[in-house]
There are 2 protein chains.
Amino acid sequence: MPRYKLTLEYEGTHYAGWQTQPTDPTIQDALEKALAQILRKPIPVVGSGRTDSGVHAEGQVVHFDFDGELDKKSLLKSLWGVLPKDIAAWALEKVDEHFHARFDGIARQYRYQIVTRPSPLRRRWAWERYFELDPGRMRECAEMIKGTHDFESFCKHNPDVNHTNCEVSLSEIVSTGDGMLIYRIKANRFLHHMVRSLTGTMVDVGLGKRSVDSFKSLVFKPDRKSVGPTAPAKGLILEKVFYKK
Amino acid sequence: MPRYKLTLEYEGTHYAGWQTQPTDPTIQDALEKALAQILRKPIPVVGSGRTDSGVHAEGQVVHFDFDGELDKKSLLKSLWGVLPKDIAAWALEKVDEHFHARFDGIARQYRYQIVTRPSPLRRRWAWERYFELDPGRMRECAEMIKGTHDFESFCKHNPDVNHTNCEVSLSEIVSTGDGMLIYRIKANRFLHHMVRSLTGTMVDVGLGKRSVDSFKSLVFKPDRKSVGPTAPAKGLILEKVFYKK
């Protein structure tokens, strides 16, 4: 059966995350409902991975099967009309029937946004820390994450995960110069709460509440008990999922 | 009496513009109310200029007088606590007592945001035009605006304005490559609805509904009747007000 790849942007504020769950509304629910309404049959979708409650996405990827030819423009337009305003599908392509949104993903990229001054136009998707953060110290932390490390310090314990090593190919602090700091990270896999835990701990370093060395210890000698706070969901955005060509 | 210069960011969505008016709530009202509450006396403020209902600002500037020394951090912090969440003051400085937020402004810079694909994270502050716009044609229009021209075509008639010439020092179309087009313009003065009228007419050119030549005619032979639509307020942001050093 033909398989399709769909790319989504969403504001996660009003959803209990990506994945369908028994009670609260999720992005997956909303998308499956919209697709069923348009294509007149149940359309289960498979996402590239979960995003937590309140987390946003610019480039979440899903696949689904549909027995027929779908016109890109017309499906995207229909979805725009049917989906709630905080979810949008912006790219559709027909893919190989073995393509898998989750298992074929070779890397994901996230951005965490922090505003360091009151900012009505940016506060919805940013952690509001109205203090002076030292981006230089945070940059030192971001640098040492590059490469393959055991990120056990920076995740929620999960008995289903057999190891906590991740290969980080991008890890950078970007200061926009107008009151916003961005932490961007790309890795082959992410553990639960990993970006938010890294960000929260780096912010402690930026505030001077914790030394760069203590951050280094967490990276090289994992110890979940000494980690910093988990940054709030609202500042986190899934930017992109990467697949083999 | 000491004079202070305050810089504001605001989301204009829920306000009837900057300036106090008889009925609806305005940014100026909210700011004066907050300052009066904090400083325990009426504090009239003078803005660099009006912004229309629904228009936003990242760098609106106001001045006010206060008979005493104000501590920058503590006033900004108090304002953050007292102002509604969609208005924020992010810079305060003591200025010469002859400084005037409006009359001393030598230039203003605006940005108009257009999203060309459904974008939940950007739609609040952007004109949603889900069509293919040709940025090249729009860029040609933006280029010809540079310099001093009579912008009579691109404004609401106002009998109180004695001429409609403006000196434009920056006029550019920026394509972010991910579904957003920005029109940025800096000029010594702006006429009522000028940026929105320029943008609306340029979008018509970008859509192919109007030729670059017809845009050129409007710039060089003003004719208010042949102008395009006025782009909606929600995509417009006052970025910055420039003063002499």
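View 1. For the complex, the predictor gives an ipTM of 0.91 and a pTM of 0.92. Being a predicted model, it gets local features only at pLDDT of at least 70 and side-chain atom pairs only at pLDDT 80 or more, while totals for chains, interfaces and linings use all residues. Residues are numbered from 1 along each chain as its sequence is written, chains are lettered from A in the order in which they are written, and side-chain values use heavy atoms, leaving out hydrogens and water.

**View 2. Two copies about an axis.**

**View 3. Where the chains meet.** Here 26 residues of chain B are in contact with 26 of chain A, contact being heavy atoms within 4.5 Å. The copies meet through the same surface, because 100% of the interface residues of chain B are also interface residues in chain A. About 2,300 Å² is buried between them, with carbon and sulfur atoms giving 61%; that is accessible area (1.4 Å probe) lost on putting the two parts together, summed over both. On the chain B side, Glu9(B), Pro120(B) and Leu121(B) lose the most area to chain A, together 29% of what that side buries.

**View 4. Salt bridges across the interface.** The rule (a side-chain nitrogen of Lys or Arg within 4 Å of a carboxyl oxygen of Asp or Glu) finds six salt bridges between chain B and chain A. One of them pairs Arg117(A) with Glu9(B), whose closest N and O atoms are 3.6 Å apart.

**View 5. A salt bridge inside chain A.** Over all chains, the whole structure holds 30 salt bridges. Among them is Glu93(A) with Lys5(A), the closest N and O atoms being 3.6 Å apart. Glu93(A) sits in strand 4 (residues 87–95) and Lys5(A) in strand 1 (residues 3–10) of chain A, so this pair ties together parts 88 residues apart in sequence. Strands here are DSSP runs (E, at least two residues), numbered from the N terminus.

Conventions. Helix = DSSP H or I, 4+ residues; strand = E, 2+ residues; numbered from the N terminus.
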